[in-house]
Amino acid sequence: MSKISKIELYKQLIEQLKEVDIQTFILKNPLKLNSDDLRLVIEQINARQKAKNKNPTWNKNPEIVFPPALSVEQSSSEITSNYKASLVSGKTLIDLTGGMGIDTLAFANRFEKVIYVEQKNELFEIAKYNFEKLGIQNVSFINEDSVQYLAKAKETFDWIYLDPARRDQSQKKVFKIEDCEPN
């Protein structure tokens, strides 16, 4: 069973517990979940708590599946993504650092076609699932390294958007542009 399928099984539970103190819940495990399921539920609750103020529309939607908390932390806020989208216009935009999809969604509201590219399979699967649940139909999804994809792409784009990860392989923050991914 896929991670998304398991999260769907626990969707009502996650919605009911989204305000719970995570540490207390872990210690008590009142539902006697096995360790994998407990980890999955806690991950969703933790991500929802982190997104409460940053991405309230996503947080309020029980259909949304959240990626790990670090991805939520690194994502743009709804306010920021909408501002970024307001700065550009055209027919086609490619988001080469798709991540959670917050920026992609804001761009999809302004462009005829948006291409979401994400190399991490888990983020890709979650974003694709969420966009289906949100009914967004003008976004194409590519699960590939963005540099490799762009090198072989036959299309032209009005805009190319990059918001690189600012953490290295060991999850430490980086500041130099050459240390970001993609470089």
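Colleague: At 28% relative accessibility, what does E15 count as?
Modeller: Bear in mind that this is a predicted model. Buried means under 20% relative accessible area and exposed means over 50%. E15 has 28% relative accessibility, so E15 counts as partly exposed.

Colleague: With which residue does E15 form a salt bridge?
Modeller: The closest N and O atoms of this pair are 3.1 Å apart.

Colleague: How many residues apart are K6 and D37?
Modeller: These two form a salt bridge, with their closest N and O atoms 2.5 Å apart. K6 sits in helix α1 (residues 3-9) and D37 in helix α4 (residues 35-54), so the pair links distant parts of the chain. K6 is partly exposed at 25%, while D37 is buried at 8%.

Colleague: Which helix holds K133, the salt-bridge partner of E63?
Modeller: The closest N and O atoms of E63 and K133 are 3.6 Å apart. E63 lies in the loop between α5 (56-60) and α6 (69-74), 70 residues from K133. K133 itself belongs to helix α9 (residues 121-134).

Colleague: Which residues make the nonpolar surface patch?
Modeller: The patch covers about 250 Å². One of its members, L150, is in helix α10 (residues 146-152). Patch residues need over 30% relative accessible area, and L150 has 32%. The patch is made by L150, I160 and L162.

Methods:
Residues are numbered from 1 along each chain as its sequence is written. This is a predicted model: local features need pLDDT of at least 70, side-chain atom pairs count only at pLDDT 80 or more; totals for chains, interfaces and linings use all residues. Side-chain values use heavy atoms; hydrogens and water are left out. Patches are made of residues with over 30% relative accessible area and no salt bridge: like charges are joined within 9 Å, nonpolar side chains (Val, Leu, Ile, Met, Phe, Trp, Tyr) within 5 Å. Accessible areas come from the Shrake-Rupley method with a 1.4 Å probe; for residues, only the protein chains shown count as cover. A salt bridge is a side-chain nitrogen of Lys or Arg within 4 Å of a carboxyl oxygen of Asp or Glu. Helices (H or I, at least four residues) and strands (E, at least two) are DSSP runs, numbered from the N terminus. Buried means under 20% relative accessible area, exposed over 50%, partly exposed in between (1.4 Å probe, protein chains only).
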